[in-house]
Amino acid sequence: MLKVEGLHVYYGAIHAVKGIDIEIPEGSIVTLIGANGAGKSSTIRAVSGLIKSIKGKILYSPSGASQTDLAGRAPEEIVKLGVAMSPEGRRILPHLTVEENLQLGAFSRNDKDGIERDRDRVYSLFPRLKERSWQKGGTLSGGEQQMLALGRALMCEPKLVMLDEPSLGLAPILVKEVFDIIGEINSLGKTVLLVEQNAFAALKIASYAYILEVGRIVLQGRGEDLLKDPRVKEAYLGG
Amino acid sequence: MSGSLFVQHLFNAVTLGSLYGLIAIGYTMVYGILRLINFAHGEVFMLGAYFVFFGISLFHLPWGVAVIGSIAVSSLCGIFVDRIAYKPLRSAPRISALISAIGVSFLIQNLAIVIFGGIPRPVARPDWLVQVMKVGEVRIIPLAIVVPLVTLALVLGLLWIVYRTKPGLAMRAISKDIETTRLMGVSVNKIIAFTFGLGSALAAASGIMWALRYPQIQPFMGLVPGLKAFIAAVFGGIGSIQGAVIGGMLLGLIEIMAVAFFPQLSGYRDAFAFVLLIIILLLKPTGLMGEKLEDKI
């Protein structure tokens with residue numbers, strides 16, 4: 001569904017991603033793991049169109065549609081094509097209500113009934129959000145904000161959902177909940193690209209994983225294989 | 001001062017306050033989204049007045065058509081200013097856009113001198129708007145009622161757009177987090193243009209009513225009201241629409257009442273606003289309704 005070929009990402013003089021290839025099959029959960037500054041976030045920010053100074057191809061071909069190169073397109077265009085992204089740090093709009101945050105997620109759509117249906121689905125996925133639908137986003141707890149960020153990413157009828165560090169800063173019990181929900185999102189038929197520092201949880205849920213170090217892929221393979229790999233164990237899973 | 005005279009002053013104050021408030025909204029909306037003080041805003045106010053004048057005297061349009069046409073064209077002017085003077089500087093340091101704003105302001109003023117002529121022109125007003133009515137002891141002109149009512153209607157319409165429509169939702173989202181709003185599928189430049197259009201429409205409406213209230217137009221007529229409305233926006237809390245309206249009203253009230261109660265100060269009328277600005281900046285820089293600057297992680 002998504003094929004990244006020879007991607008380079010630059011921030012001014014900094015060369016954050018140095019030519020990586022990634023393939024995400026339809027219906028899968030693929031994860032990018034690695035330390036801070038490895039280039040994980042830069043990669044998905046490039047796919048979502050937020051970073052302009054990139055080189056390489058980002059070929060997107062959902063079933064039933066022709067292939068498009070996402071490189072060089074604006075974020076709002078990419079969202080319309082069915083690629084949603086939930087950014088690092090959740091980035092809930094604190095002064096908007098929960099309901100408004102969800103409506104904003106559906107900005108690219110005009111089908112009122114469909115939006116309402118998807119909103120109800122988000123509310124049934126996260127009943128706590130429904131209870132707080134009139135509350136301002138900024139008043140939610142960290143966990144609730146993460147649920148809202150996930151729900152919001154589902155509002156644009158995405159085919160591919162990219163999640164940047166969804167477990168960051170959450171209590172362990174909430175981390176588990178977030179990963180359960182990622183599995184649920186996947187079972188709804190959404191392909192998931194997951195960027196994580198929590199390598200253990202990410203590898204457990206992912207069908208395929210890439211390990212990044214300073215802008216390059218150093219290792220890749222099936223999630224369960226990498227979990228057993230001694231190199232991975234030593235560097236990312238605490239021995 | 002007699003009660004009836006006070007009521008008359010009150011009507012004048014609310015009229016003037018409405019006109020400031022309408023301009024102030026444009027400053028506050030653009031600032032809320034771009035953190036830019038659009039100094040060319042007062043010039044849109046001036047253009048609004050001129051367009052109506054030309055619509056009526058040159059093209060013999062009926063008043064209603066001239067007013068609506070002028071508001072529409074002024075809106076486009078505001079969008080055009082953003083497109084040529086601010087949009088290319090979106091990723092430049094903020095000071096660049098500010099300097100550009102000052103430049104555009106001078107440019108439009110001087111273009112207006114070249115195109116419209118520098119001589120003040122009288123404005124012919126419909127008689128019914130300025131025929132003095134006596135309600136008891138109070139003598140007022142219908143305009144002093146029309147201006148606040150039109151302002152109220154425009155502000156309610158604006159609040160409806162901002163709080164009840166999709167572009168309004170996007171405007172509120174952009175004011176906090178442009179990047180995330182883009183990720184939600186919002187075309188930010190379109191929403192910014194929409195904001196400039198809305199603010200300019202209100203400034204033009206204010207300029208038109210200003211020309212009816214003080215029936216003379218000239219290319220620099222936007223300068224002082226523009227600056228004062230900016231002060232009103234800061235007073236009310238820049239970024240807040242409600243604050244801009246309240247700031248405008250209070251500024252109108254202070255100006256009119258200060259002169260009414262202390263006629264010997266009438267020569268300093270314009271200075272009140274600036275003294276007020278200094279006091280606010282010293283005591284409450286965020287203004288009356290301004291949001292505290294906070295970052296929640």
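1. In chain B, helix α3 (residues 63-86) and helix α4 (residues 94-116) have axes that come within 10 Å and cross at roughly 125°. An angle between 115 and 145 degrees is neither roughly perpendicular nor roughly antiparallel, so α3(B) is oblique to α4(B). The structure is a predicted model, and the points below should be read with that in mind.

2. The crossing of α3(B) past α4(B) is right-handed. On the α3(B) side the contact is made by B:Val81, B:Ala85 and B:Tyr86, and on the α4(B) side by B:Ala97, B:Ser100, B:Ala101, B:Val104 and B:Ile108. By class, the residues of this contact are 7 nonpolar and 1 polar, with no charged residue.

3. Another pair in chain B is helix α1 (residues 3-34) with helix α10 (residues 223-236), whose axes come within 8 Å and cross at roughly 70°. The two helices, α1(B) and α10(B), are therefore roughly perpendicular to each other. Here too the handedness can be stated: α1(B) passes α10(B) in a right-handed crossing.

4. The residues that α1(B) brings to its contact with α10(B) are B:Tyr20, B:Ile23, B:Ala24, B:Tyr27 and B:Thr28. From α10(B) come B:Pro225, B:Gly226, B:Leu227, B:Lys228, B:Ala229, B:Phe230, B:Ala232 and B:Ala233. The residues of the contact divide into 10 nonpolar, 2 polar and 1 charged.

5. In chain A, the axes of helix α3 (residues 98-105) and α6(A) come within 8 Å and cross at roughly 30°. This angle is under 35 degrees, and α3(A) and α6(A) are therefore roughly parallel to each other. Their crossing is right-handed.

6. Where α3(A) and α6(A) meet, α3(A) contributes A:Val98, A:Asn101, A:Leu102 and A:Gly105, while α6(A) contributes A:Leu148, A:Gly151 and A:Arg152. Sorted by class, the residues of this contact are 3 nonpolar, 3 polar and 1 charged.

7. Next, the cavities. The count comes to 1 cavity of 30 Å³ or more, and the volume of the largest cavity is about 40 Å³. Chain A lines this largest cavity with A:Val79, A:Ala84, A:Met85, A:Gly105, A:Arg152, A:Ala153 and A:Cys156, and chain B with B:Leu183 and B:Met184.

8. In chain B, α1, α4, α8 (178-183) and α9 (188-213) each supply at least two residues of the lining.

9. The lining of the second largest pocket divides into 15 nonpolar, 6 polar and 11 charged residues. Among the elements that supply the lining are α1 and α4 of chain B; α1(B) also crosses α10(B), and α4(B) is also crossed by α3(B).

Methods
Residues numbered from 1 in each chain as written. Chains lettered and ligands numbered in written order. Predicted model: local features only at pLDDT ≥ 70, side-chain atom pairs only at ≥ 80, totals over all residues. Heavy atoms only, no water. Axes fitted to C-alpha atoms, helices over the stretch in contact; angles between N-to-C directions. Helix = DSSP H or I, 4+ residues; strand = E, 2+ residues; numbered from the N terminus. Parallel < 35°, antiparallel > 145°, perpendicular 65-115°, else oblique. Left-handed = near helix turned anticlockwise from the far one by under 90°. Contact = heavy atoms within 4.5 Å. Nonpolar A, V, L, I, M, F, W, Y, C, P; charged D, E, K, R; others polar. 1 Å grid on protein atoms, 1.4 Å probe; cavity = no way out; pocket = protein on both sides within 12 Å on 5 of 7 lines; lining within 4 Å. Points joined across faces, edges and corners; volume = space filled by probe spheres on them.
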